[in-house]
Amino acid sequence: MLSVLIWLPIFAAAIIALLPGNISANRVRLGALFASGTVLLWNLFLLLKFDINNPGMQLQEYLPWNETLGLSYQLGVDGLSILLLILNGLLTWIAIYSSSQQTERPRLFYSLVLLVSGGVAGAFLAENLLLFFLFYELELIPFYLLISIWGGQRRAYAGIKFLIYTAVSGALILASFLGIVWVTGSSSFNYDALSTQTLSATLQIILLVGIILGFGIKIPLVPLHTWLPDAYVEASAPIAILLGGVLAKLGTYGILRFGMALFPDAWSTLAPSLAIWGAVSAMYGAVTAIAQKDIKRMVAYSSIGHMGYILLAAAASTPLALVGAVAQMISHGIILAILFHLVGVVEAKVGTRELDVLNGLMNPIRGLPLTSALLVLGGMASAGIPGMTGFISEFIVFQGSFSVFPLPTLLCVVATGLTAVYFVILLNRTCFGKLDNNLAYYPRVLWHEKMPALVLAALILFLGVQPTWLVRWAEPTTTAMVATIPPIEKAVTQQVALK
Amino acid sequence: MDFANVASQLNAGTILPEGIVVLTLLGVLIVDLILGRNSSRWIGYLAIAGLLASIVALYFEWDNANPLFFAGAFNGDNLSIVFRGIVALSAAVTILMSIRYVEQSGTALAEFIAILLTATLGGMFLSGASELVMIFVSLETLSISSYLLTGYTKRDPRSNEAALKYLLIGAASTAVFLYGVSLLYGLSGGQTELNAIANGIASANLSQSLGIVIALVFAIAGVGFKISAAPFHQWTPDVYEGAPTPVIAFLSVGSKAAGFALAIRLLTTVFPLVAEEWKFVFTALAVLSMVLGNVVALAQTSMKRMLAYSSIAQAGFVMIGLIADTQAGYASMIFYLLVYLFMNLCGFTCVILFSLRTGTDQIAEYSGLYQKDPLLTLGLSISLLSLGGIPPLAGFFGKIYLFWAGWQAGLYWLVLLGLITSVVSIYYYIRVVKMMVVKEPQEMSDAVKNYPEISWNLPGFRPLQVGLITTLIATSIAGILSNPLFTLANNSVTDIPTLQAKTVDSTQVSAISTEQTDRP
């Protein structure tokens, strides 16, 4: 059942790579679209099979693989991962859909995208630490190639930077995994066989810090984020959607699954600093985005800000906050996808991403009215305007975290305000104002180019009005996870409150 | 002593695989003598058939109850069988590569193969040698053949220079090794057999004496030269650049495997009492090799030099398993050497193919290759990424096992350094992949612009293709389907008495973790 999610895209990738060379790019694209559509349908089918009330792993699969290494092929899905899998399926489909019909070297492009999709699904499904790492590292080379072959001007630099940062992140994670398994005396890397309860506090904190730093590069958290603006900006629109929408979730998922759930005691010790870190990350992302002159760069920094909330919520680790964290992962994935898609459309039609050059796209006849309307909607969703999914998840995060960490939560609320500031700047400079009469002869935006944005916009509005559909899947699992975290933070809360 | 007794002590069946290699070697020489240059059409296949027959013979030697041959001079246990197999296999693939390369350089193939088979013989005997004179003779057989092979293309000044340099450094390190060996002979009171030396040293209470440490260091200098561990690595880049490419393919795999076999046998049998000392020395060598090999490889512009530094670094990774000094550590070394055989030979096959078609080794000249030669691009990319440790290729599993074994043995800093330097290594491996795959058609290099039509029908190209595809498939799937190889590597070390006591006790581990728990 679950294996289909991994192997169907990988087999499709292999078939596409082996197609004869004279097939046109568009037909390869349609083939990839068909494959990823099947995967998406299979994802939805799994959602139907998913038992919401069961907090544990479901639909498990097990095959022995390599006893000597403690590596087994063990898959499972729970409330934490089921929506992320669907997000992965959806965004892969959208990324393929929104790719150009004249992509150069189409066979390589689409097979790499499908390979990445299968690898990400494998990482979300893996119940064995080494298997997770294998799928995690599997993203490295395909993404490097996707950035550095089909990217913008400085793609070579951005690609190498992404590669090295991610490789370092992998090394940290592997070191922590080896450490966890060896010091606990376990003979295998199976997730459910591990228990860190017997370890000394110092050891737990060291291992947890290794995991947080490793995944913090991927999320990314603030001092570790410098690969992100380059990689997001230089990547083409479909790849940016995958990078921001899916790959960043691998980091937050890793922190929740392998940091919080494996080290509940150390987690509660580190939680106050993590909350501050998350708040600083959110503030930094917002403030830096204000200063940008390039719309893609702005969206990239907005991503850093939004991932900060997830860390805050995870640090608070109340049942509500954790549901909010999962909801925020999904919302951020959808919102970032729509923004990157629309920015890609604007760049393709107008030919620039500069805030100082863009103007008046709202113009109903000669501008790009529907695109700019959707851009306004995406910006509002990102800034946390009620009625859209961004508001729901941020509100749950803040409500869940405030009782534990009031000050960082307030900082994050301020950051949401600043998010609204830079999105207003962005929308003001691009959508409003007057068109430059000398430059404004933009090509039409065809219907199929708007389609992904319309689907995503509908999803944003639907989940914003009917948020149960967003949160109900994760609730039992997150409640069970929180139950293991000792409530040490209360003392800290009082100190903060007294100040 | 009657004849039957002598014959039973001889136990000549143990060296049947080497016997086959000797026969093949003689066959190659005689056929060439009779038929001359005409023989070169099929003489390579004769040699390969001989080597494969020798590997089959090795298979039947497995789990030999009475492995000692010639009164203890040669040990045919499972450990030596695995290493002899690695050496023979690397020689077989090297012959596949060299048929066209040697022909194109205008030199005789039969002599080349004969010297290569002699080197193989030396390496195979070295893998099982358990007596000082035997070790020295087989080591020198391997070394002298390597010098000859290095300078085989004698019209090329770089090949000449490499051979001279290799000979000078090699002879010096052999002399140092011989001095260490003679010290051992004296310290043990006149023993040459390794077990007897160990007993002699133990009974004479010399365990910590200065003489033993000197002998150890001198022996390590000889071994370090063979496995090209920094700081004994300086010959590697020059020899790899100057020597014919198939030769360095053999030197980087077969010769290195033989060196590691010697290291394991010598250190675990003779020097168990000074284990702390040799572990310390090898830790230093491993750190130096990983750092130097990986960092200097970043700056190379020639493919062969880059692979030379990368092979120094890979030796550093393998040494982690040796320093761990556990059964898992030795098994991980053997597993890594096995997968290293596939990936390195695959890489060298691609380098040979490229230089046969374009005549250059510069990394910059590879740019834009994906358009002209997809198979070569795929092969070189897969082998380099596997060397860099990218999943799901063979090298990833090899490195994971090495690091896992090192971590189990408590070598945290060494494993961390290994992880960091693997990140560094990914950069220079990916640089070549970037040249081949990422570069645009308009950025294509001159060599690739004038790339000849791909044809496998020219004489000697078919075996290259066979070698490339075999090693490519092995590199791609030996990681995912690694269980048989893991079993092989583990079985080869479990029954070796000198490695027996080194199993990490699981009770001891839990004791450590409880101790850590108790700490405030």
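Buried means under 20% relative accessible area, exposed over 50% and partly exposed in between, using a 1.4 Å probe and protein chains only. The model is predicted: local features need pLDDT of at least 70, side-chain atom pairs count only at pLDDT 80 or more, and totals for chains, interfaces and linings use all residues. Side-chain values use heavy atoms, without hydrogens and water.

**Stop 1: Leu59(A).** Select Leu59(A). At 24% relative accessibility, this residue counts as partly exposed. Its phi is positive, about 50°, although it is not a glycine. Most residues other than glycine have a negative phi. Leu59(A) sits in strand 1 (residues 58-66) of chain A. Strands (E, at least two residues) and helices (H or I, at least four) are DSSP runs numbered from the N terminus.

**Stop 2: helices 4 and 5 of chain A.** Select residues 106-125 and 129-138 of chain A. The two axes come within 8 Å and cross at roughly 155°. Axes are lines fitted to C-alpha atoms, for helices over the stretch in contact, with angles from 0 to 180 degrees between N-to-C directions. Helix 4 and helix 5 of chain A are therefore roughly antiparallel, a word for angles over 145 degrees. Which residues make the contact? Helix 4 of chain A brings Gly119(A), Gly122(A) and Ala123(A), and helix 5 of chain A brings Phe132(A), Phe135(A) and Leu138(A). Contact means heavy atoms within 4.5 Å.

**Stop 3: two cis peptide bonds.** Most peptide bonds are trans. Go to Ile219(A) and Pro220(A): a cis bond joins them, with omega about -5°. Pro220(A) is in the loop between helix 8 (201-218) and helix 9 (227-234) of chain A. Now move to chain B. Ala230(B) and Pro231(B) are also joined by a cis bond, with omega about 5°. Pro231(B) lies in the loop between helix 9 (210-226) and helix 10 (235-242) of chain B.

**Stop 4: the nonpolar core.** Select Phe177(A), Leu243(A), Phe83(B), Phe271(B), Trp278(B), Phe282(B) and Met303(B). These have the most contacts inside the largest nonpolar core, which has 384 residues. Such a core is a set of buried Ala, Val, Leu, Ile, Met, Phe, Trp, Tyr and Cys residues joined through side-chain atoms within 4.5 Å. Center on Trp278(B). Leaving aside neighbours within four places in sequence, its contacts include Phe271(B), Leu322(B) and Asp325(B).

**Stop 5: Asp325(B).** Select Asp325(B), in the loop between helix 13 (303-324) and helix 14 of chain B. Is it buried or exposed? Asp325(B) is buried, with a relative accessible area of 6%. Its phi is positive, about 60°, although it is not a glycine.

Conventions
Residues are numbered from 1 along each chain as its sequence is written. Chains are lettered from A and ligands numbered from 1 in the order in which they are written. Angles under 35 degrees count as roughly parallel, over 145 as roughly antiparallel, 65 to 115 as roughly perpendicular and the rest as oblique.
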